Amino acid sequence: MAPYRNARYWLGDFRQKRALTNKEKFNHGHAKLRNVIERAIGVLKARFPILKRMAPFPFVIQRNIVMTCSALHNFIRREGPSDVYFARYDEPNVSFRNNNVTVDDDEDEIPTYGTAADREYMSKLRDEIAEELMHNID
């Protein structure tokens with residue numbers, strides 16, 4: 001589910017001023033969740049460099065490598081709380097903003113996926129989530 005266009009998105013955009021509209025509130029939550037996901041994947045790739053450049057193995061082998069690395073990663077997280085990789089990625093000032101991602105204002109150039117009905121459903125769902133977030137302001 002994509003964030004709203006033409007509304008603040010990056011976490012740094014909200015440091016000076018809170019999210020005011022339901023679109024900004026949704027985008028703020030989206031950005032926070034994205035940050036958590038990027039940190040989790042970042043530490044996984046740092047620990048297992050094979051995940052950065054997967055060798056040309058058959059798909060099943062690649063899938064098994066990812067699942068094995070993830071299982072080991074989760075075991076280390078549970079059993080080794082003082083792990084150096086987790087410590088580095090848990091620091092609050094580590095930024096994972098993807099500078100290759102742009103939020104383009106020209107909607108004609110945005111790639112679309114799925115059917116028109118799928119996109120309409122996701123748009124309505126995003127609006128419902130944004131509305132719910134506005135009613136549950138902390």
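The pLDDT is the predictor's confidence in each residue, on a scale from 0 to 100. For this predicted model, the protein chain averages a pLDDT of 78, and 81% of the residues score at least 70. Local features are described at pLDDT of at least 70 and side-chain atom pairs at 80 or more, whereas totals for chains, interfaces and linings use all residues. Residues are numbered from 1 along each chain as its sequence is written, and side-chain values rest on heavy atoms, with hydrogens and water left out.

**View 1. Confidence along the protein chain.** Helices are DSSP runs of H or I with at least four residues, numbered from the N terminus. Among the elements of the protein chain, helix α2 (residues 59-79) has the highest mean pLDDT, 92, while helix α3 (residues 84-90) has the lowest, 77. Over residues 96-110 the pLDDT stays under 50, and for this stretch the model has 17 contacts beyond four places in sequence, a contact meaning heavy atoms within 4.5 Å.

**View 2. The aromatic pair of Tyr4 and Phe26.** The structure holds 1 aromatic pair. The ring centres of Tyr4 and Phe26 lie 5.5 Å apart with the planes at 80°, so the pair is edge-to-face. The pair joins distant parts of the chain, since Tyr4 belongs to the segment before α1 and Phe26 to helix α1, 22 residues apart. For such rings of Phe, Tyr and Trp (its six-membered ring), pairing requires centres within 6.5 Å, with planes under 30 degrees apart counted as stacked, over 60 as edge-to-face and the rest as tilted. Tyr4 and Phe26 are both buried, where buried means under 20% relative accessible area, exposed over 50% and partly exposed in between (1.4 Å probe, protein chains only).

View 3. Arg126 is found in helix α4 (residues 116-135) and lies over the face of Tyr4, at 4.2 Å from the ring centre. A charge sits over a ring if NZ of Lys or CZ of Arg is within 6 Å of the ring centre and within 35 degrees of the ring normal. Not counting residues up to four places away in sequence, Arg126 touches Met1, Ala2, Pro3, Tyr4 and Phe26. Arg126 is buried yet has no salt bridge, the nearest side chain of opposite charge being Asp127 at 4.5 Å; Lys and Arg count as positive and Asp and Glu as negative, with His and the chain ends not counted.

View 4. His30 has its place in helix α1 (residues 22-47). Leaving aside neighbours within four places in sequence, His30 is in contact with Met1, Ala2, Pro3 and Tyr9. The C-alpha atoms of His30 and Tyr9 are separated by 8.0 Å, although these residues are 21 places apart along the chain.

**View 5. Salt bridges of the structure.** A search of the whole structure finds 3 salt bridges, each a side-chain nitrogen of Lys or Arg within 4 Å of a carboxyl oxygen of Asp or Glu. In helix α1, Glu38 and Arg34 are 4 residues apart and therefore separated by about one helical turn; their side chains meet at 2.8 Å, N to O, and Arg34 is partly exposed at 21% relative accessibility. Glu120 and Lys124 are likewise 4 residues apart, in helix α4, with closest N and O atoms 3.9 Å apart. Glu79 forms a salt bridge with Arg78 at 3.3 Å between the closest N and O atoms, and Arg78 is exposed, with a relative accessible area of 60%.

Conventions:
Helices (H or I, at least four residues) and strands (E, at least two) are DSSP runs, numbered from the N terminus.
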